[in-house]
Amino acid sequence: MEKKFKIKINILIVATILTGFLCICVMSSVTYNRIIRDDIKNISKLTSTNIYSDINNELTKPIFVSLTMANDSFLKTWLRDEETMVDSKKHEQKLLDYLNGIREKYNYESVFLVSNKTNNYYYYNGINKVISNQNEHDQWYYDFLNTKKLYDLEIDTDEANENRWSIFINCRIEDEDGNLLGVTGVGLELNQVQELLESFGKDFDLEAMLFDKEGNVLIDSDYEWKKRNVFDIPVLKENKQVLLNNYYTLDVYNYKDKESSGYVITRYIDDLDWYLLIKKDTTILVDTLEEQILKEFFIIIPVILCVLWIVLRLMKRNDSKLMKLAKIDPLTDMLNRRGFNEALEYMLTNSQRSFYVFVLDIDHFKTINDSYGHLIGDKIIKLVGSIVQEHLSKHGILARWGGDEFTGYIYGEEEEVIRIVDAIFAAMNQDVKLKEYQLTSSLGLTSFQKIDTVDTILCRADQALYEAKMQGRNRYVIK
């Protein structure tokens, strides 16, 4: 029965450790997964802020330059005098020098001026053409005038620069009465902004893009800007109005599709009236983490099994020692209550000899602990135990019952047992140390009866001890 119980205990230990390890693996996976996602999220937010700042620097500067040009008194005067100047070539050259000076100073691909009177489109090299509402490519001019905006941005091909895709900043030029004089501005190649987004994409392994309020991708780090709409992403489509109406803070969304999952972060760029989008795919990182945890699992499981085998072998080897230690009182090196109960149970069942069971208590022991402390109290307990043990010798067994109480049994008939008990009391009363602390002991004694159990015989001995206490202590009573 005990063997089966031990087997069950061993199985329970193994199952508990393995279950605990599996739980730790799962918890670690979930925790690290969350930590990694949070780190990626925070890094993506920080990156989007950096990109936002760099794009602002890249595009806000040409906006300010264009606005400065639109308010330059030279351009306003030049446009007013465009048709009245006698020396028109010299007059035109002044404008070209002005436009070329802006171009060289800020290193822009295009610097232009459109006259509202003549519809002439001037750039740094001369007149490029005459704007016409019949020309589809010139429709940008009339669309811009209809918006009544002070300025806007537009992505278009630059006819004056080999039809390269460029970002144009268009600004209205008005006189003091608010009458339209023309439109001026600068253009920079789309590649400049695209390369900026691409560099962030490569550095942080993400996708960055700019889109308008219709969701059309204007510039993308992977050069697919003409073919995409951000609201094709389900989570952005669901939150379209919230996203478009947030002009001040970052919007962060979780996305998941058949191929990947991660974060989408958007932010409105006020000066451009565009939105920045950062898309970070976390699939590879999460898959790598899960793969690593799985590898660790298959490495650690054999290690745990080996450790368990060693532990179980050691437990089996030291089982008897552990059981023995469990029955020994650490202060006196005598049997404790558990050990004595087992010994007494055996005596009651198997002994053919007559014996007496006793319970001994040190009188007024509490005053020792209260007055001198527990270290002195422990020394007194050991002293009393050694005196009793010395006189029992081979005549019985002594155990520490608990606190300042001892119990045991003595072989023999009543006369022999009384002789041993008298010798114990005489030794305690003559001990110098016990005399110093004015300590005595009381003892209750009872003989074994055939019908006795551990509880009944100890109960009688305890009653006898109580009577000894009531009779004045420093004595024994046989019951």
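Two strands are taken to pair if DSSP finds at least two bridges between them. On this basis the predicted model contains an open sheet of five strands, arranged in the order β13-β14-β12-β15-β16 and with mixed pairing. Strands β13 (396-402) and β16 (476-478) stand at the edges; each has a single partner strand, so one side of each is left without a neighbour in the sheet. From one strand to the next, the twist averages 20 degrees.

Within this sheet, strand β12 (residues 355-362) and strand β15 (residues 441-447) run antiparallel and are joined by seven bridges. Val359 is found opposite Gly444 of β15. Helix α15 (residues 454-470) packs on the sheet, where it touches β12, β13, β14 (405-411), β15 and β16. The direction of helix α15 makes about 140 degrees with that of β15.

Leaving aside residues up to four places away in sequence, Ser442 touches Val359, Leu360, Asp361, Asp363, Phe425, Leu465, Ala468, Lys469, Arg473, Asn474 and Arg475. For one of these residues, Asn474, the backbone nitrogen lies 3.4 Å from a polar atom of the Ser442 side chain.

A further contact was found between two helices. Two packed helices are described by the angle between their axes and the distance between the axes. For helix α12 (residues 374-392) and helix α13 (residues 414-430), the angle is about 145 degrees and the axes are 9 Å apart. The crossing of α12 past α13 is right-handed. On the α12 side the contact is made by Val384, Ile387, Val388, His391 and Leu392, and on the α13 side by Ile420, Ala423, Ile424, Ala427 and Met428. Of the residues in this contact, nine are nonpolar, one is polar and none is charged.

Another pair of strands was also examined. Strand β9 (residues 251-256) and strand β10 (residues 261-269) run antiparallel and are joined by six bridges. Together β9 and β10 form a hairpin, with four residues between them.

How values were computed
Residues are numbered from 1 along each chain as its sequence is written. This is a predicted model: local features need pLDDT of at least 70, side-chain atom pairs count only at pLDDT 80 or more; totals for chains, interfaces and linings use all residues. Side-chain values use heavy atoms; hydrogens and water are left out. Helices (H or I, at least four residues) and strands (E, at least two) are DSSP runs, numbered from the N terminus. Axes are lines fitted to C-alpha atoms, for helices over the stretch in contact, and angles run from 0 to 180 degrees between N-to-C directions. Contact means heavy atoms within 4.5 Å. A crossing is left-handed if the near helix is turned anticlockwise from the far one by less than a right angle, and right-handed if clockwise. Ala, Val, Leu, Ile, Met, Phe, Trp, Tyr, Cys and Pro count as nonpolar, Asp, Glu, Lys and Arg as charged, and the others, Gly among them, as polar. A polar contact is a pair of N or O atoms within 3.5 Å; within protein, one must be able to donate a hydrogen and the other to accept it, and residues adjacent in sequence count only if both atoms are side-chain atoms.
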